[in-house]
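Load the model in your viewer and keep the sequence panel open.

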Amino acid sequence: CYERTKKAVVSTQSTGYKSTLRINQKRHTLAFLSNPAKSEKDIFVEDTNQNRALNGDLVAFEILPKEKWKLNQPELISDLLAANPDSPNLPVRGDNEIQFLGKVYTALNVEEKYLQKTAKVVGIIEKIHPRKAMGYAKVYNKNFALFSPLDSRVPRMLIHLNEFPKGFAERPKDFAENLMIGLINRWEITGKFAMGTLVKSIGGDKDDLVQAATEGILMENDLDDTPFPDDIDVDIPDFEITAEDVAARAEFDFRKKCVFTIDPATARDLDDACSVENLGDGLYEIGVHIADVSHFVYPGTLVDDIARKRTTSVYLVQRVIPMLPRKLCENLCSLNPGVDRFSFSVVWVMDREGKVHKTKFGKSLISSCAKLHYAHAQDMIDDPDREFEEGYLPEIHGGFTASDISWRVNVLHSIAQILRQKRKDSGSISIQQCKLSFSLNKEDGMPTGLGSYKSRESNKLIEEFMLKANVSVAEKLYECYPENAIIRRHPGPKEDVLRETEKLFKRMQIEIDTTSSKSMQHALERLNNSASMPSSISLVVASLLAKCMSLATYHSSGEFDSPYDYFHYGLSMELYTHFTSPIRRYPDLIAHRQLQAILEGEKEGPMSFDEVSEIAEVSSLKKYASKLASDKSGELFLWLFLREQVDMFERATVVDIGEQSIDVLILRYGIQIRLWRDYMEEGIEFQAKPKEWVHITWPVKGDLKSASKRFALLDDLVVCMRAGKQLFKINGTIPRPKSYDEQTLPVVTGVAIEDV
């Protein structure tokens, strides 16, 4: 979480505590706040003590008296039974108490290790949540409709009937499937429901379901997808390379050199390119060339104002909402092949071991000779001497050949491997989880296939040099503008979540050293490379560790006293920023402007501390919102895909066990779903010891005999996935043994743990 102190609307002097409220997505009655004592568990907030704050809000809170702290009953019961193995009686649970062997255990007479502090919200410092939600409505009484958000963390709202489409009150069933957007405008402290207004009725017919749901996803995350105004081009200069441009960029004129891009096959906005020149004596000139957006987007213009508000492009399954108009991101700024382009370059003199002998920055000119896909570059890595058949590679410009490019790709690959290993050795950790990939029908846009995105060596090559460029720029910005440089910060893991995950690893009998990023990275590599360890274990561990990680955020470098406070935990870098994607990220554009100011000798920088801080704050929030929207879009298309399947059987691993449910990780797609007892086969017997095991018995059914099976943590199993009745809802069940064809199940191996 990150504090927003400059917009406080309540005083925290009486409590001294403030934090971001986090409400459990699956159980909205459970909410948490970060503990001021970083090493302790999160603080629990009951729904009655949330004081109308919503998920993500920055709140002021006070810790409740000890007698109201939450008793960790499962852990206490486990220890009591272990200490009294011969007792014929079992502990009896009460309301925040345990009775055992004539003694009542409460928050006042147990060790604090069995307790979780509780708190109540006393005020909202800043409303981060947009107060919008997607959902459905029904008539409540003669004056109001009751709007029920799909997100259970948002309260139900009463909205006046006169705000709904004509006929809603008379024919409510006609609108039962219509998705709508509601906005909270008032919520009294004693109100059962919030009072709201209808933002939009966005439809619900099968034909427009994707459009309606996507619109809802964007609105509830407060993301702008309105078309750019017609007069947006007025502020965008025409493309022209003048004699002055050539003179100013003469030292960095790469138009005659072999420069190329490597991107996904679907990419249209090409914002980075690479070059390699052999200088002799074991040295190479390696360039990373980034689209010079600042050449076309000036501060204070309409296009800059819109980009500053959006701060990021939003990537959904079926569409991209660009930060910049397409004229810029796909044409003028995009480093398309065979045409001259303005760029901003980071150029190193580097040896084959990745040691940097010299670094230069400068506005540049390039003409990319080829637009490679990752698959093309991977072919060059797999077979450096391959002679490519005509038409296999995209057109190559500038008189260069496939061999010229292949040699350069392999030099970059060789150095990238060394740089990546050096980062690992210094403590870098990055857990790459599976990313869903869909095949879409070209006619109606519906999903026809489902897979997971694979990262290859060619991806890692580009990633490594983009990281290198970002670090080089961050160091330069901080050196020259220590008070107002744009910085990307990544705090260490959430301590309380990490401690709970350590306990889970112990129950799973997995040894994971979580004392540092380096030790965790080594543990992941050990599990991934172990011949004796099932591949599912490494997938589960990676998934659990990912949940411990904090969010990375943007900052102005004057916000903290020490440079160490800007440490990037995941990369194990003292300083880091974003420079390499200005077409789709506004902070990168700020970094470009600041770097250019340094090169022009400006001592103060083009932006004040307050201005950079404001941009950093908005950019952090919008980047997180865009991630939520992207993830939700994936959930939507997964639901749409499953809706058309009869039954989809997948291999999975048990990661948690509750009294009435089992949490499993679907191995092929890296998604975690909860299997509720209520959704399983009718008549099933479900006996569970939470956090340890579950025993399931299937009843006699027709010619099928009764069957039973016991599952413990980390056990592999088969899950049948289905689309729930409610939009986005994925249900699953454990099929009866031998009711599916084992041979048709996918084989899942390993986990990728490199940087994304």
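Predicted model: local features only at pLDDT ≥ 70, side-chain atom pairs only at ≥ 80, totals over all residues.

Residues are numbered from 1 along each chain as its sequence is written, and side-chain values use heavy atoms, with hydrogens and water left out.

Select helix 1, residues 73–83 (helices are DSSP runs of H or I with at least four residues, strands runs of E with at least two, numbered from the N terminus). Gln73, Leu76, Ile77 and Leu80 are buried here (buried is under 20% relative accessible area, exposed over 50%, partly exposed in between; 1.4 Å probe, protein chains only). Look down the axis: the buried residues of helix 1 fall within an arc of 100°, so they line one face (the arc is taken over directions from the helix axis to the C-beta atoms). Their cover includes strand 6 (70–71), strand 7 (92–94), strand 8 (97–100) and strand 9 (103–105).

Next, select Pro337, in the loop between helix 5 (326–332) and strand 22 (340–351). Pro337 is partly exposed, at 26% relative accessible area. Which residues does Pro337 touch, leaving out those up to four places away in sequence? They are Ser368, Ala370, Lys371 and His397 (contact means heavy atoms within 4.5 Å).

Finally, select Leu551, which sits in the loop between helix 11 (535–546) and strand 28 (553–556). Leu551 is partly exposed, with a relative accessible area of 41%.
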